[in-house]
Amino acid sequence: MKPYRLLTVLSLSLLFILSGCRVVLVDETLEQAEAEPEPKGKEPISLQSKVQFSTNKLVFRGETDLPKGAVIEASLTEYPETVTLQQVMNAEAEPLAETKVSETGEIGEDGTFLIVMKRSDPQKRYQVSVQFRPELQPQAVKDLYGETGEYIGGGEGFFEYEAGQTEYKGIALFAPLPNLNDGGFYQGKWDMHENQEKARPSF
């Protein structure tokens, strides 16, 4: 066979082979991005609050970097009658969980909140708290911090708790509430703190 004919045959054979094949270019980095979504980052939360009290009501005021519409729960939980004032002030005793009463408020456009509660019995001592609890949030806030608070990145008052057999992460601040007979500087207003024994009168 003459050289030019051999070259022609080889060229035609190669053309037939290539015509039956399809070359697909794969961007492996794109496949990895689709298969492995980027992990969601942790979102720290800043929460500050004061509680002002009188014989018949409690007023909670605070500020936070939580988004508008986020829900804050203020609560009042009674101590047993056998617990002393010193134990209450130093957080050396646990309040009765079943006596908890609460009210909720929403964060405003300026990052502040105001919650007013009735003081159940001024002759008793209580633990008061403000809490950011994931299960109380609208869906837009849950999307940011997680259904159970799994995307909360910490902050003052970060704590873990259980509700309805589900484990949650949230933010909580506390203060003691003496009874009317305790008198002294305990009457008036408190700066709330993540550790109740560190809460201080507010002026």
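Colleague: A residue counts as exposed at over 50% relative accessible area, as buried at under 20%, and as partly exposed in between. With that settled, is glutamine 165 buried or exposed?

Modeller: Happy to start there, with the reminder that this is a predicted model. Glutamine 165 sits in the loop between E7 and strand E8 (166-177). Its relative accessible area is 78%.

Colleague: What phi does glutamine 165 have?

Modeller: Most residues other than glycine have a negative phi. Glutamine 165 is not a glycine, yet its phi is positive, at about 65°.

Colleague: Alanine 91 also has a positive phi without being a glycine. Which class of accessibility does alanine 91 fall into?

Modeller: Alanine 91, with a phi of about 55°, belongs to the loop between helix H3 (85-89) and strand E4 (101-106). Its relative accessible area is 33%. Buried needs under 20% and exposed needs over 50%, so alanine 91 is partly exposed.

Colleague: Let's step back to the whole fold. How many helices and strands are there in the protein chain?

Modeller: Reading along the sequence gives the pattern α-α-β-β-β-α-β-β-β-α-β-β-β-β. The count for the protein chain is four helices and 10 strands.

Colleague: What share of the contacts in the protein chain with a separation of 6 or more comes from residues 24 or more positions apart?

Modeller: Burial first: of the 203 residues in the protein chain, 38% count as buried. As for the contacts with a separation of 6 or more, the share from residues 24 or more positions apart is 65%.

Colleague: Which strands stand at the edges of the five-strand sheet?

Modeller: The five strands form an open sheet with antiparallel pairing, in the order E5-E2-E1-E9-E10. Two of the strands have a single partner each, so one side of each is left without a neighbour in the sheet. Those edge strands are E5 (112-118) and E10 (200-201).

Colleague: Which residue in E10 is the bridge partner of tryptophan 190?

Modeller: Strand E9 (residues 189-191) and E10 run antiparallel and are joined by two bridges. In E10, the partner of tryptophan 190 is proline 201.

Colleague: Now the pockets. Which element gives the largest share of the lining of the largest pocket?

Modeller: The largest pocket has a volume of about 280 Å³. Of its 13 lining residues, the closest to the centre are Thr77, Lys100, Gln127, Gln131 and Phe174. Strand E3 (71-78), strand E6 (126-132) and strand E7 (158-163) each give two or more residues to the lining. The largest share, three residues, comes from E6.

Colleague: By class, what does the lining of the largest pocket have?

Modeller: Tyr and Phe go with the nonpolar class here, and Gly with the polar one. On that basis, the lining of the largest pocket has five nonpolar, five polar and three charged residues.

Colleague: How many charged residues does the lining of the second largest pocket have?

Modeller: About 160 Å³ of space lies in the second largest pocket, and its lining includes Lys50, Arg61, Glu63, Lys189 and Asp191. Strand E1 (47-53), strand E2 (57-64) and E9 each supply at least two lining residues, with the largest share, five residues, from E1. Beside two nonpolar and four polar residues, the number of charged residues in this lining is five.

Colleague: Next, glutamate 78. Which side chain does a polar contact of 3.3 Å join to that of glutamate 78?

Modeller: Glutamate 78 is found in strand E3 and, at 15% relative accessibility, counts as buried. Leaving aside neighbours within four places in sequence, glutamate 78 is in contact with Pro95, Leu96, Thr99, Lys124, Arg125 and Tyr126. The polar contact of 3.3 Å is with the side chain of lysine 124.

Colleague: And arginine 125: with which residue does its side chain make a polar contact of 2.9 Å?

Modeller: Arginine 125 lies in the loop between E5 and E6. It has a relative accessible area of 19%, under the 20% cut-off, so it is buried. Its contacts beyond four places in sequence include Glu78, Tyr79, Leu85, Leu177 and Asp182. The side-chain partner at 2.9 Å is aspartate 182.

How values were computed
Residues numbered from 1 in each chain as written. Predicted model: local features only at pLDDT ≥ 70, side-chain atom pairs only at ≥ 80, totals over all residues. Heavy atoms only, no water. Pairing = 2+ DSSP bridges. 1 Å grid on protein atoms, 1.4 Å probe; cavity = no way out; pocket = protein on both sides within 12 Å on 5 of 7 lines; lining within 4 Å. Points joined across faces, edges and corners; volume = space filled by probe spheres on them. Buried < 20%, exposed > 50% of the residue type's maximum accessible area, 1.4 Å probe, protein only. Polar contact = N/O pair within 3.5 Å; in protein donor to acceptor, adjacent residues only side chain to side chain. Contact = heavy atoms within 4.5 Å.
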